[in-house]
Amino acid sequence: MGNKTLNALLTRGIDNSLAEKLITDGYNINNLKRLSNNKLLELGISPESILAFKGRPPIPNDTATRLIHDFKNVCTICRGEKSSSIIIHHIHPWQDSKSHDYDNLILLCPACHDEAHSTHTLSQNLTPDKLLNLKERRKQQIQDDDSKSLDVTNSPANELMEKAWDYFNHQLILRRCPNKKDLLQILQSTTNSQDGKYIYRGNPNDNYYMYKQFNSALNKIITQKRYFIINNQTSPGDILALAKPQAIVILTARHYFKNQSNSVEATGPGQIIICSYKKASICFRFIIDRWDATSTSAYGIHLSGSQVRTSILIIKDVTKEGKDYILFRQLINLHI
């Protein structure tokens, strides 16, 4: 949702195809508001959407952005089979509920939207209860599909080498994973001393076992939570709308790594690296401890300089420093 006029039209219940046509024809929110109801109807704007130009508040932009992101910009019912256009529909009508809450909204195509406003036999109606049920089922399916796409636990060894994690925030995973006792025992047995530059050292079989267990724990954390995927195509406005404290974000972009100190020969925990990614007024900033690197190449090459990486982050805070900055706490870093 990068175009402001397109966003404004979508949040007033206009489908994206009609919204794009209106923009092409030179219309915007201000000149549409000045038109008569009859003229708005001639342009294809529904009576329901006309209300949004004549007093009804629009759907909050961050709510609309989250809904479109969560449901992949496609109709929740037919999943794009009837039309690729989308409308944001109120499950319980606005005139009754006065609610723009996320839980009261669903993405529909124009055909399914007409069905939701039509009356058939009771078993065929897209009633509010049926829409809520379909929305929840679709949401769970999307989360399951996204989680499977991240799962590398059962990949063959050669695929693991191609998709190897460079870094685990072991302590954060310990705090968030249900089987923390088992992970803590593995971590303590492998790191009984703090010499060396990074944690994965000694017996290769022990190292691989620890890596595998923490990788499995990470996947469990991800599958239990809703997360957002952000890349170079994600607009700054969408990032601000999606990035709320405690949300999980998967960021694929060019990362910049900078040592906090000038010490090259540091060993043990506390080898802090400041990481960042910046786009327009948005800055992702977080720190990692190079001690938690998973290999020599991760320690010496992948976590330094400027590199395209995928990071799984838990948002710690959103603050403003002159321009808008989003401060993240890193969970894990993926070498791709």
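## Helix α2 and its surroundings

Helix α2 is followed by G26, whose phi is positive, near 95 degrees. This value, like the others in this report, comes from a predicted model.

H170 belongs to helix α11, which comprises residues 170-176. Is H170 buried or exposed? Its relative accessible area is 1%, and H170 is therefore classed as buried, the cut-off being under 20%.

When neighbours within four places in sequence are left aside, the contacts of H170 are with L187, I199, Y200, F214 and D292.

## The second largest cavity

The cavity count for the model is three, taking those of 30 Å³ or more. The second largest cavity holds about 60 Å³ of space.

Which elements each supply at least two residues of its lining? They are α5 (47-53) and β1 (87-90). Strand β1 provides the largest share, with four residues; the lining includes I87, I88, H89 and H90. Also among the lining residues are E48, S49, R12, G13, S46, R56, I59 and H113.

## Confidence of the prediction

The mean pLDDT of the protein is 81, with 85% of the residues at 70 or more. Confidence is highest in strand β2 (residues 105-108), where the mean is 95, and lowest in helix α10 (residues 157-162), where the mean is 37.

Over residues 150-162, pLDDT stays under 50. For this segment the model has 16 contacts beyond four places in sequence. Where pLDDT is low, the predicted coordinates should not be read in detail.

Conventions
Residues numbered from 1 in each chain as written. Predicted model: local features only at pLDDT ≥ 70, side-chain atom pairs only at ≥ 80, totals over all residues. Heavy atoms only, no water. Buried < 20%, exposed > 50% of the residue type's maximum accessible area, 1.4 Å probe, protein only. Contact = heavy atoms within 4.5 Å. pLDDT = per-residue confidence, 0-100. 1 Å grid on protein atoms, 1.4 Å probe; cavity = no way out; pocket = protein on both sides within 12 Å on 5 of 7 lines; lining within 4 Å. Points joined across faces, edges and corners; volume = space filled by probe spheres on them.
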